[in-house]
Structures are given as C-alpha cells and as structure tokens.
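Subject: Handover of a structure, with findings

Dear colleague,

Please find below the structure that I am handing over to you.

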Amino acid sequence: MSEQATTTEGRTYPPDPELSKTANVRPEMLEQDLESFWDEQAKQRLSWYEPYDKVLEWDQPYAKWFVGGKLNACYNCVDRHVEAGMGDKVALHVVPDDGPDSSEVRDITYAELQRRVTAVANGLKELGVGKGVPVGIYMQMIPDAVIAMLACARLGAPHTVVFGGFSGKAVAERCNDLECKVLITQDEAMRGGKAAPQKTNADEGLDASPTTVEKVVVVRRTGADIPMSDRDVYLDDLIANASDDPESCPCEPMESEDLLFLLYTSGSTGKPKGVVHTTGGYLLGCATTHNLVFDVKDDSVYWCAADIGWITGHSYIVYGPLANGCTSVLFEGVPGYPDQEVWWKIIEKYGVTILYTSPTAIRAHMKAGEKHAQAHDLSSIKILGSVGEPINPEAWEWYREHVGGGKAPIMDTWWQTETGHILITPLPGITTLKPGMAQQPFPGVRPEIRDDEGNQVPVETTGNLVLTQPWPGMMRGLYNDDQRYRDTYWSKYSDAYFAGDGAKYDADGDIMLMGRIDDVVNVSGHRLSTFEIESALVEHADVAEAAVAAKKDPDTGQAIVAFVSLIGDKQGTEELEQALREQVAQSIGKLARPASVIFARDMPKTRSGKIMRRLLKNIAEGEELGDTSTLVDPSVVEEMQKQVNG
C-alpha cells in the first residue's frame, strides 16, 4: 500500500501531572504478560461463585477464558453492589427524549434496579424463559431495555438486542437465527419529538416470517392504543403479581464460557453475522477497560451517548459501567432536540465527569457552533472519549477545546463488535496524546500492522491491522457458522486475527487507524485513504463534515468526489470548492485532490449516526440509490443527486 501523509501535524498533549498521580492505570501494567494481567483483573474486579482453574486455553481461532469459573453477569452488575451497601447510589440518571428539563426525568438507584430486574426476571420465568432459553429485545433507549438485558442475564437466558431503528424484518431474521422464544419490545418509541411504531414494526416482521417467537412482551412507553393479539402481553400486566424480592429469583450461576448474548453485525455479503459473546471474559474486558480507560472513580458521573442496540451500548452503557458500580446517564433522545443545547444541559445538570461519544456526534455539534456548549458549565468534565470510527484531528481539537475546557484528555478508542471491548487507546495520566490517533494497545493486547504478504509495514505506510494473541472479550465465533468465522477473520494470515481495518505507525510507533480496508480510492494506481482525505477537508474552518467516494474515471481509474457540509449558514461557492481541492493537495498530495466537491446540508446517515457510504458511491457514479429507508433524512441524498446531475 502507498505511503500516506499524516494529518496530526506533530501536535502533542502530555499528560496532566496531577492526573498521573491519581490515575487508575499504573505504568507497570503495560509490562505485565497476557495471563498475569488478566488474572489480576479477574480476581480484583469480578465476583465468582466458583474460582476458575485456568486463565486461558487458546486453540486458535477459539479461546476459553477463566476455565472452570462460575459467575453471573447480573449479580456482578447489580446484586453485589446492593449487598455492599451501595443500594442508595444512583445507577442511572434517566433523561427522556425531551431532555433534562422534562417532567419525566428520574433516577434509578442500584436497589431499585435490583428490584425491577428481579420482577421482570420472575415475569419472564412465567413465560418459560430460563437458562439457555434465548430472548430477543427490540427497544429504544429506555431503562426497560437495560432491565430486560439484566433480567435475561439473571436467568442465564442469552439475549440478542436488535437496534430500535431497524425494520421488523431485521427483528424476525435475528430472532429466527437465535431461535428466540420471547421478544421484548415497546408500544412506541420517542425520538426527536416523534413517535415511532415499535410494536407495529415488530409485528410486521414476525407475521411475515415463520418464527420461533411464542410471546411478545410490550413495555408501555407512550401509552398508545396499539393492536394486541393472544401472542402479546404488556410487561406491567406480566409482572403485576411477580415478586421483586431478589431471593425469589437468585442469579443463575453460569460457566465463564456460557453464552451471554449474540449481537448481529452486517456482513459485506450474505446474512448478518451473529457474533458470540460469553460471560466471564467479556464482562471482565468491559469492566477493566471501562475503569482504566476512563479513570472511573467512586463519584464519577459517566455518560456513553451511544445506543444499546450496538456493541458500544452493551459494553459501555450496560455491562462495563454497572459492573463497576458507576453512576451513568441514560438519554433516550438525539443530539439537537429539543434544542442544540440539550447535551450541554445534561452535562451541567448531572455534573457529568466522563463523556464517551462518536466523531459523527462531535462534528454535528461543531456544525451547530461552539456557542451552545459555551452557554453551559461543563467544568465537571474530566475525561472525554471517542468511539465508532477514526476521529478527524480537527474534530478532536474542537472536542478538547469546547467540551473539555482545553484540558480534558481524549481517549480515542479502537475496537469492534467482534472484539467486545476497547483494544487500542490512549491511557489517562500515561499517554502523551496526539489528535486523531488511538496510539497504543491496551495492556495485554498485541497488534501488528502488516502488508498483504504478512510483512510488518514501515513507518507512515498504511497496512492491515491484525491481533496476534487472544483477549478476554474476543468473539467466540459466529453463531452456527464456524467456516464463515474462519474465512472472515483468520484466513488472510495464518497466525493472527484480521481486523479488516487499515492502520499505520508514526515515527514514535504510535498507531493511527485509517478506517476499513475497503475505504480506499485507487487513483492512477495509488491507494489513498478516504479517511485522510476527509480529515484534510475538515481542517478548513468552514467545513463541519466531509465524506469521500470514488467514481470511475477513464484516465485515472477512479476519481475522488468529496461531499462536504458547512458550518452554520455558510454557503458553497466555486471559490470555496477550489480552496478545498487545493487544501487536500497541500495536505496529502496532488493525487488526492478531489475531482469535484458537492456541498450538502448533511450527510446521508442512518439512525445510529453512520454515514451510508454506499449511497455516496451510487450518487458519484450516477447509479440508482436502492433502499434509503434506514436514513434519518432521505431527502439529503435526493438533493445531492440533483447537484451531481446538474
């Protein structure tokens, strides 16, 4: 692969000496060997019904961690904290869709969480749910979704959470694959002030496909009048007479390698992949990384602004924070509703000390302008985090300056649905930070960057990120599909996990993630990273967000088309287009100069905040768009098409 120019411009931010004195992570942890590090963490962070006999059994490509040990994820996340006298501590600050000024805000303590989880678990038992009986969950960001996950874990019933923005067809497909007996959903969902027909969507999917689902449990969110059949039962009716005494439903002791959940991730071809995560290693990986990466203290107020429908929500809204006995914010809504200040109001009201969000959300706030953040007291923020995609250096700098008060360190984390928890990240109090770089492996993690022949790449050369030894939260294969697991992740290199992401080393040996391997443009035989081109565009003061696609070109093979949204009310002009093209040329090289720049009011984004790059390629090539139903605003792509087509 060709050499790429760095976009970090040599900027560095050394750790705060005061933070270094009190940081949870210790420098000597970086020197520990794989098994001793995780053995120490397992004994310190989790409660075991029976101790494990062996830390690791590694039979590539499958690992077993903490073999022989027995534990329960719900007990570790809830019951043990109540038993330790933390029952009155707030587990969740619940903020509804209409923001922190709503009359529906409430706090749920660990004792209240324990009682509610117990009651729901007892209700599910009445429907035949128990150890090994799979349950589907199709809900939005309400506390009942977290409670449902924990109730399943309490019973030893594996769950699969389907993102609330997906279609009913996706629900049926996933429930069928795992053979779910029960589906838990809600009457309607509230997002951005609008009600979405959650239960109706689920019905459409289940009715159109033969399914193993026997009962649908419905949470009343809006109280809407919805169709209910013999298959359906309201949750409050189901648990009306259920005991909430924890002793009435003790946590089921589970083997460390027992299935905790499946989470489906889209494949480039074929049906979604059911990623298998088990109990002991996954829970420990989440709890350890959450504690050390975000420097969580007893009085921390933590907010992961993700969705429980994705792995970030599983690991860093539910299992990691609750295992650590942390107080978290659970926000039902979206950025920008009911106004552009909603996030900053939440931080100010609850004294949030740790914020973990995506570059997409950060860029949305950039576009709205820093005045909204500046109108609120954000001085409680001590640690910031970024997740989901590589973060542009300019967004990194904005985040630090306007949310972190110019001093909060940013933990730019790399990991995947398949890895379960964070694997590459700076560490607070230790790492000298570089904007836009994940930098170093977490203790016990061994990455390499290789070319297609398996050789380690030179400095500043993009290659393939691989992992050469196992980690506790790693996937235990794809559900009922061993061959696909081996082909997808273990066939390119015989001795390493192939992540599918591009990366490169800088002169200090720090790692910069470049996005998916297939996110490249091939111009005259030169492979250029779309991420680097996008970063160069976002460096312009007028640009809020940029995305790059390729179109066929008779002379160069592919030509670069840049889609750009501007800050505030800025308008695209020919002069600005030329300035942006030249900026990319100066930053990366003339080969990377976009052939054209399309100004747009926004990017085509799914409900999870991901830019649907397939559509950008279709627009650039003048092709049919296909399905746009998962977009937040389908009209965005129509406007782009008109520009491209003149």
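A residue is called buried when its relative accessible area is under 20%, and exposed when that area is over 50%; anything in between is partly exposed. Please note also that this is a predicted model.

With that cut-off in mind, I begin with Asn72. Is Asn72 buried or exposed? Its relative accessible area is 0%, so Asn72 is buried. The residue sits in the loop between strand S3 (70-71) and helix H3. Leaving aside residues up to four places away in sequence, Asn72 touches Tyr49, Ala153, Arg154, Cys251, Glu252 and Met254.

Asn72 also makes polar contacts at the start of H3. A side-chain oxygen of Asn72 comes to within 2.8 Å of the backbone nitrogen of Cys74.

Helix H3 itself covers residues 73-86 and has a kink of about 40°, centred on Asp79. Asp79 is buried, and so are other residues of H3, including Ala73, Cys74, Tyr75 and His81.

UniProt, in an unreviewed entry, places the feature "domain: Acetyl-coenzyme A synthetase N-terminal" at residues 32-77. Over residues 32-77 the chain is 37% helix and 30% strand, with the end C-alpha atoms 27 Å apart.

I turn next to a sheet. Seven strands form an open sheet with mixed pairing, in the order S5-S4-S17-S16-S18-S19-S20. Which strands lie at its edges? They are strand S5 (106-109) and strand S20 (410-412), each of which pairs on one side only. From one strand to the next, the twist averages 20°.

Within this sheet, strand S16 (residues 301-304) and strand S17 (residues 327-331) pair in the parallel sense over three bridges. Val301 has Thr327 in S17 as its bridge partner. Helix H4 (residues 110-126) packs on the sheet and touches strand S4 (90-95) and S5, its direction making about 80° with that of S5. Helix H11 (residues 342-350) lies across S4, S5, S16, S17 and strand S18 (354-357), and runs at about 155° to S17.

Strand S21 (residues 447-450) and strand S22 (residues 463-467) run antiparallel and are joined by four bridges. Glu448 stands opposite Val466 in S22. In a regular strand the side chains alternate between the two faces of the sheet. In S21 both faces are covered: Pro447 and Ile449 are buried on one side, and Glu448 and Arg450 are buried on the other.

Helix H16 (residues 530-538) is likewise mostly covered, with nine of its nine residues buried. Among them are Phe531, Glu532, Ile533 and Leu537.

Finally, I draw your attention to Lys610, in the loop between strand S29 (596-599) and helix H18 (613-621). Its relative accessible area is 46%, so Lys610 is partly exposed. Not counting residues up to four places away in sequence, Lys610 touches Gly388, Pro604 and Lys605. The C-alpha atoms of Lys610 and Asp339 are separated by 21 Å, and the two residues are 271 residues apart along the chain.

Yours sincerely,
A colleague

How values were computed:
Residues numbered from 1 in each chain as written. Predicted model: local features only at pLDDT ≥ 70, side-chain atom pairs only at ≥ 80, totals over all residues. Heavy atoms only, no water. UniProt positions renumbered as here; feature names shortened; annotations may be inferred. Helix = DSSP H or I, 4+ residues; strand = E, 2+ residues; numbered from the N terminus. Pairing = 2+ DSSP bridges. Axes fitted to C-alpha atoms, helices over the stretch in contact; angles between N-to-C directions. Contact = heavy atoms within 4.5 Å. Bend = angle between axes of the 7 residues up to and from the residue. Buried < 20%, exposed > 50% of the residue type's maximum accessible area, 1.4 Å probe, protein only. Polar contact = N/O pair within 3.5 Å; in protein donor to acceptor, adjacent residues only side chain to side chain.
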